[in-house]
Amino acid sequence: MEELQNFRPTKAVIDLKAIQSNISNLRKHLHSDVHIMAVIKANAYGHGDIRVAEAALEAGATMLAVATPEEALHVRCHIADTPILILGAVPVSFAPYAAKYGITLTVFSTEWLEQLAPLAPQFEKPLRIHVKVDSGMGRIGVRTVEELRAVYDAAQMEHVVVDGIFTHFATADDEETTFYEQQLATFKKLVASLPTKPRLVHAANTAAALVKEHVQFDAVRFGISLYGLAPSPYVGEHLPYALQPAFSLETELVHVKELHNGETVGYGATYEATGDEWIGTIPVGYADGVLRGLANQEVLVQGMRAPIVGRICMDQIMIKLPKKMTVGERVVLIGKQGNDEITMQEWASRLNTIVYEIPCMLTTRIPRVYNA
Ligand SMILES: *Cc1c(COP(=O)(O)O)cnc(C)c1O
């Protein structure tokens, strides 16, 4: 069958120019010799890994980072040559493919390297690894000078190159810097203990890259603000340049009707009209990731805010319109319309969570279309 798709008017519009402006502004903010690693894990935080990677590389990023082998392979199928770092732990069984496809692995265990040793002689190309230091995040990595030295020594084998060393901050997006300073000192101490410095030392995530001095090292790992989102409200208030959000979520009215005093809307009949009201229906719901917890959220229609009424359904949502409108009217759930804007941070606050969760929770049923 021919490829029939996107009949439903619900779509995510991804603005690649916004992605590029976020990279080029970061480029100006950093020292000129610092690499920008575009973090495109989780399908580029829901924005689409390949299109985002291509846009970011064009705008000045020189490396890519993902979370899993599957993500790395998907990116490598579309993008040749550019270094791709897998930030998470990977099984040794993936190492031959990493070597073959030029994918850099995160390593922090001598046992892992001992299991690698019998495989490495068969590698046709060298396997690049970055050693992970756990300086306080408590997630993955070596924690002491001794552990680091053991991993570093175990990695001295043919066809394996220790290309980098890195750590990850737990509190870089916070106003309070004591813990961050401790992590930085620990990381510096461990790096200094090595007999030779690997080519790439890196520590900064978005928050550190934007609001901390002196942690740029050789590369920054730029995730959330690549997409124009601030890592935390604190960083949002201290940005060195304005971020451009790349993601809009839009749909259209598919039905409009007038309800009268006492008539109800939705499952549980929880919303009751208190007079004559215009109610619109939009074809999007919790199966798209517009969670039921957003029941008090508003949407934009003709530049005006319209509240969601009644319970959010799996595939449909009802909204109270400011006036009579026609089927086909454009409705913005996330993004700008007229003089108003609904941000992902507004959704995050409504859901009592962090902005990172919002683009990740919008499911693949929503097609991503690109504006370039
Ligand atoms: C996800 C991740 C990043 C990116 O974090 P942002 O806050 O989105 O910039 C950087 N480093 C590591 C290790 C990560 O897991």
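This is a predicted model: local features need pLDDT of at least 70, side-chain atom pairs count only at pLDDT 80 or more; totals for chains, interfaces and linings use all residues.
How far is an oxygen atom of the ligand from a polar backbone atom of glycine 223?

**View 1. Strand β5, with residues 103-107, is largely enclosed by the rest of the structure, because 5 of its 5 residues are buried.** Ile103, Leu105 and Val107 point one way from β5, while Thr104 and Thr106 point the other way. In a regular strand, side chains alternate between the two faces of the sheet.

**View 2. Strand β4 (residues 84-86) runs parallel to β5, and 3 bridges join the two.** Look for isoleucine 84, whose bridge partner in β5 is isoleucine 103. To get from β4 to β5 the chain passes through helix α5 (residues 95-101), making a right-handed β-α-β crossover.

**View 3. Strand β6 (residues 127-133) also runs parallel to β5, again with 3 bridges between them.** Here valine 107 has valine 131 of β6 as its bridge partner. Helix α6 (residues 110-116) carries the chain from β5 to β6, and this β-α-β crossover is right-handed.

**View 4. The residues around the ligand include Val39, Lys41, Leu87, Arg139, Asn205, Arg221 and Tyr356.** As for the opening question, the distance between an oxygen atom of the ligand and a polar backbone atom of glycine 223 is 3.0 Å. Tyrosine 45 places a polar side-chain atom 2.6 Å from an oxygen atom of the ligand. On histidine 168, a side-chain N or O atom lies 3.4 Å from a nitrogen atom of the ligand. The ligand taken alone exposes 390 Å², of which the protein buries 92%.

Definitions and conventions:
Residues are numbered from 1 along each chain as its sequence is written. Side-chain values use heavy atoms; hydrogens and water are left out. Buried means under 20% relative accessible area, exposed over 50%, partly exposed in between (1.4 Å probe, protein chains only). Helices (H or I, at least four residues) and strands (E, at least two) are DSSP runs, numbered from the N terminus. Two strands pair if DSSP finds at least two bridges between them. A crossover is right-handed if, with the strands pointing away from the viewer, the path from the first strand over the helix to the second runs clockwise. A residue is near a molecule or strand if one of its heavy atoms lies within 4 Å of it. A polar contact is a pair of N or O atoms within 3.5 Å; within protein, one must be able to donate a hydrogen and the other to accept it, and residues adjacent in sequence count only if both atoms are side-chain atoms. Accessible areas come from the Shrake-Rupley method with a 1.4 Å probe; for residues, only the protein chains shown count as cover.
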